[in-house]
Amino acid sequence: METIDDYYENSEHLTIGQPTVKECAARMCISPNYLGDLIRQETGESAIRFINRYIVGKAESLLVEGNSIASAAYALGFNYPTHLTRLFSRIEGITPTDFLKNLKKD
């Protein structure tokens, strides 16, 4: 989603925090409910889950590049690495540590 890409490219996540449905909708000049409906229609998942999947995808990229879990968390605007770990586990079903272990196996 271009709106979320811009959010991270402009480093707004470091000052504002993680992108929200409300923030993304405001940038697109539509209501949060309408954005949620559009995302659900296209992907079958909620808008917040879509945003969280995007964040976890960025985290995975950072981890594959060799960043530590802590540095990936701070780079994505999390205040604490445990917040990234919880989100990662909820979305992927495994912890970032297990993700890294699986990378080393391959």
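Reader: Is Ser11 buried, partly exposed or exposed, going by its relative accessibility?

Author: Ser11 counts as partly exposed, because its relative accessibility is 34%. Please keep in mind from the start that this is a predicted model, and that the values discussed here are computed from that model.

Reader: Okay, and where is Ser11 placed?

Author: Ser11 sits in the loop between helix 1 and helix 2. Its backbone has a positive phi of about 60°, although Ser11 is not a glycine.

Reader: How many disulfides does the structure hold?

Author: The structure holds 0 disulfides. For Cys24, the closest cysteine sulfur is the one in Cys29, and at 13 Å the two are too far apart for a bond. Cys29 is accordingly in no disulfide, with the sulfur of Cys24 as its nearest cysteine sulfur.

Reader: Why does Cys24 count as buried?

Author: Cys24 counts as buried because its relative accessibility is 2%, and the cut-off for that word is under 20%. Cys29, by comparison with that cut-off, is exposed at 70%.

Reader: Switching topic, what does Glu12 touch?

Author: Not counting residues up to four places away in sequence, Glu12 touches Asp6, Tyr7, Gly17 and Arg27. Glu12 is placed in the loop between helix 1 and helix 2, and it counts as buried, because its relative accessibility is 17%.

Reader: And how far is the C-alpha atom of Glu12 from that of Arg49?

Author: Those two C-alpha atoms are separated by 20 Å, and the residues are 37 residues apart along the chain.

Reader: You mentioned Tyr7, so which aromatic cluster does Tyr7 form, and with what?

Author: Tyr7, Tyr8 and Tyr54 form one aromatic cluster. A search of the whole structure finds 3 aromatic pairs, and one of them is Tyr7 with Tyr8, an edge-to-face pair at 6.0 Å centre to centre with 70° between the planes. Tyr8 and Tyr54 form a tilted pair, 6.0 Å centre to centre, with 35° between the planes.

Reader: What does the pair of Tyr8 and Tyr54 tie together?

Author: Tyr8 lies in helix 1 and Tyr54 lies in helix 4, so their pair ties together parts that are 46 residues apart in sequence. Tyr8 is buried, with a relative accessible area of 7%, and Tyr54 is buried as well, with a relative accessible area of 18%.

Reader: What is the span of helix 4, and why does it agree with its 18 residues?

Author: Helix 4 covers residues 47-64, and its end C-alpha atoms are 26 Å apart, which agrees with the 26 Å that 18 residues should span at 1.5 Å a residue. Helix 4 is followed by Gly66, whose phi is positive, near 105°.

Reader: Which residues of helix 4 are buried, and what covers them?

Author: The buried residues of helix 4 include Ala47, Ile51, Asn52, Tyr54, Ile55 and Leu63. What covers the buried residues includes helix 1, helix 2, helix 3, helix 5, helix 6 and helix 7.

Reader: How many residues are in the largest nonpolar core, and which have the most contacts inside it?

Author: The largest nonpolar core has 26 residues, and those with the most contacts inside it are Tyr8, Ile55, Leu76, Phe78 and Leu84. Helix 4 gives the most to this core, with 8 residues. In general, nonpolar side chains tend to be buried together in soluble globular proteins.

Reader: What is Phe78 in contact with?

Author: Leaving aside neighbours within four places in sequence, Phe78 is in contact with Gln18, Ile55, Ala73, His83, Leu84 and Leu87.

Conventions. Residues numbered from 1 in each chain as written. Predicted model: local features only at pLDDT ≥ 70, side-chain atom pairs only at ≥ 80, totals over all residues. Heavy atoms only, no water. Helix = DSSP H or I, 4+ residues; strand = E, 2+ residues; numbered from the N terminus. Expected span 1.5 Å × (residues − 1). Buried < 20%, exposed > 50% of the residue type's maximum accessible area, 1.4 Å probe, protein only. Contact = heavy atoms within 4.5 Å. Core = buried A, V, L, I, M, F, W, Y, C linked by side-chain atoms within 4.5 Å. Disulfide = S-S within 2.5 Å. Phe/Tyr/Trp six-rings, centres within 6.5 Å; stacked < 30°, edge-to-face > 60°.
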